[in-house]
Each structure stands twice: as structure tokens, then as C-alpha cells.
Amino acid sequence: MRQDTEMVRSTLHSAIEGSDIDRMLSLYDDDAEFTVIDHRHPPSKPLSLRGKGAIGDYLRDVYSRELKHKVLDEVVGDDRLALTDECEYPDGTHVFTSSLMDLKDDKIVREVEVQAWDETSPS
């Protein structure tokens, strides 16, 4: 594992759990690709974002919600990073996200995120 990949992992981990969008965005390449697959965006028609501006808009929307984020599993390679993020809304609804990122020159150049959440609020 390269030291710069570990720096990206560490920064991203603390930025996610601290809901620090500016720190998250600092890790993305200006032309990064970000793909989201979930029940609204199935694999045949995923949400595809390109560029730091579009990714920033998406992250601002996600992190504007009252969610607690907890990074669980992380796997680091030379130019790859994978992690899972377990989120919880105040009403107890859970969201689980798994992300795989490609890195180049200490920046995320491509990310694929797959997410699932509770369809109904817990009783």
C-alpha cells in the first residue's frame, strides 16, 4: 500500500464521519466520475456524475440531511480504495453504502457507490 493512498483513506474516513464536504471534495480530481446505483438508479440506468461541481452538488444534498455516518470496512490497495458507510436518520431508518474508488496522483478519479436503505421507518 502506498502512503498517499493511506492518506486519502484517512482523510475520507474522517470527512465522512464528520460530514465535512469540503474535505471530501478536496480528494476528488476535477474531472472525476461518480456513479450511484440504488433502487432509483438501477444498474441499467445509474446516476452518472462527472466533475467536482456535480459531485459536490450530490454530496451537499446527501450531507444536508440529518444522518449519522459510520465508516465500517475499508480496503486499501496501491491505487484503489473501498469502504462501507452505515448511515442512520433520526427516525432510525438505515442506509448502507458500499463504495469502490480508483485513485491517481492522490485524487479520486472514479467512484462507484451502491446503496440500499430501509423502505419503511422502523417501528
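## Basis of the description

Helices (H or I, at least four residues) and strands (E, at least two) are taken here as DSSP runs, numbered from the N terminus. The model is predicted, so that local features are given where pLDDT is at least 70 and side-chain atom pairs count only at pLDDT 80 or more, while totals for chains, interfaces and linings use all residues. Residues are numbered from 1 along each chain as its sequence is written, and side-chain values use heavy atoms, with hydrogens and water left out.

## Strand pairing

Two strands are said to pair if DSSP finds at least two bridges between them. Strand S1 (residues 28–37) pairs with strand S6 (residues 107–117) in the parallel sense over six bridges, and within this pairing Thr-35 has Val-112 of S6 as its bridge partner. S1 is also joined to strand S2 (residues 47–50) by four bridges, this time running antiparallel, with Glu-33 bridged to Arg-50 in S2.

## Turns and positive phi values

The hairpin of S4 and S5 has five residues between the strands, and in it Gly-92 takes a positive phi near 95°. The hairpin formed by S5 and S6 has two residues between the strands, and Asp-105 in its turn has a positive phi of about 55°. Asp-106, in the loop between S5 and S6, also has a positive phi, near 65°, although Asp-106 is a residue other than glycine.

Most residues other than glycine have a negative phi. Ser-19, which lies in the loop between H1 and H2, is not a glycine and yet has a positive phi of about 50°. Relative accessible area is classed as buried under 20%, exposed over 50% and partly exposed in between (1.4 Å probe, protein chains only). By these limits Ser-19 is partly exposed at 32%, and Asp-106 is likewise partly exposed at 31%.

## The largest nonpolar core

A nonpolar core is a set of buried Ala, Val, Leu, Ile, Met, Phe, Trp, Tyr and Cys residues joined through side-chain atoms within 4.5 Å. The largest one has 24 residues, of which Leu-12, Tyr-28, Ile-55, Leu-59 and Ile-108 touch the most other members. In soluble globular proteins, nonpolar side chains tend to be buried together.

Contact means heavy atoms within 4.5 Å. Leaving aside its neighbours within four places in sequence, Leu-12 is in contact with Met-24, Leu-27, Leu-81, Leu-83, Met-101 and Ile-108.

Arg-9 is placed in helix H1 and is buried, with a relative accessible area of 16%. Apart from neighbours within four places in sequence, the contacts of Arg-9 are Glu-74, Val-76 and Leu-81.

Glu-88, in strand S4, is partly exposed, with a relative accessible area of 28%. When residues up to four places away in sequence are not counted, Glu-88 touches Glu-66, Leu-67, Lys-68, Thr-93 and His-94. Glu-88 and His-69 are 19 residues apart in sequence, and their C-alpha atoms are 6.9 Å apart in space.

## The largest pocket

On a 1 Å grid over the protein atoms alone, a pocket is an open set of points where a 1.4 Å probe fits, with protein on both sides within 12 Å along at least five of seven lines, and lining residues have an atom within 4 Å of a point. Grid points are joined across faces, edges and corners, and a volume is the space filled by probe spheres set on the points. The largest pocket has a volume of about 460 Å³.

Its lining is made of 30 residues, of which Tyr-58, Val-62, Thr-97, Glu-113 and Gln-115 lie nearest the centre. H1, S1, H3, S4, S5 and S6 are the elements that give two or more residues to this lining, and the largest share, five residues, comes from H3. By class, the lining has 18 nonpolar, five polar and seven charged residues, where Ala, Val, Leu, Ile, Met, Phe, Trp, Tyr, Cys and Pro count as nonpolar, Asp, Glu, Lys and Arg as charged, and the others, Gly among them, as polar.
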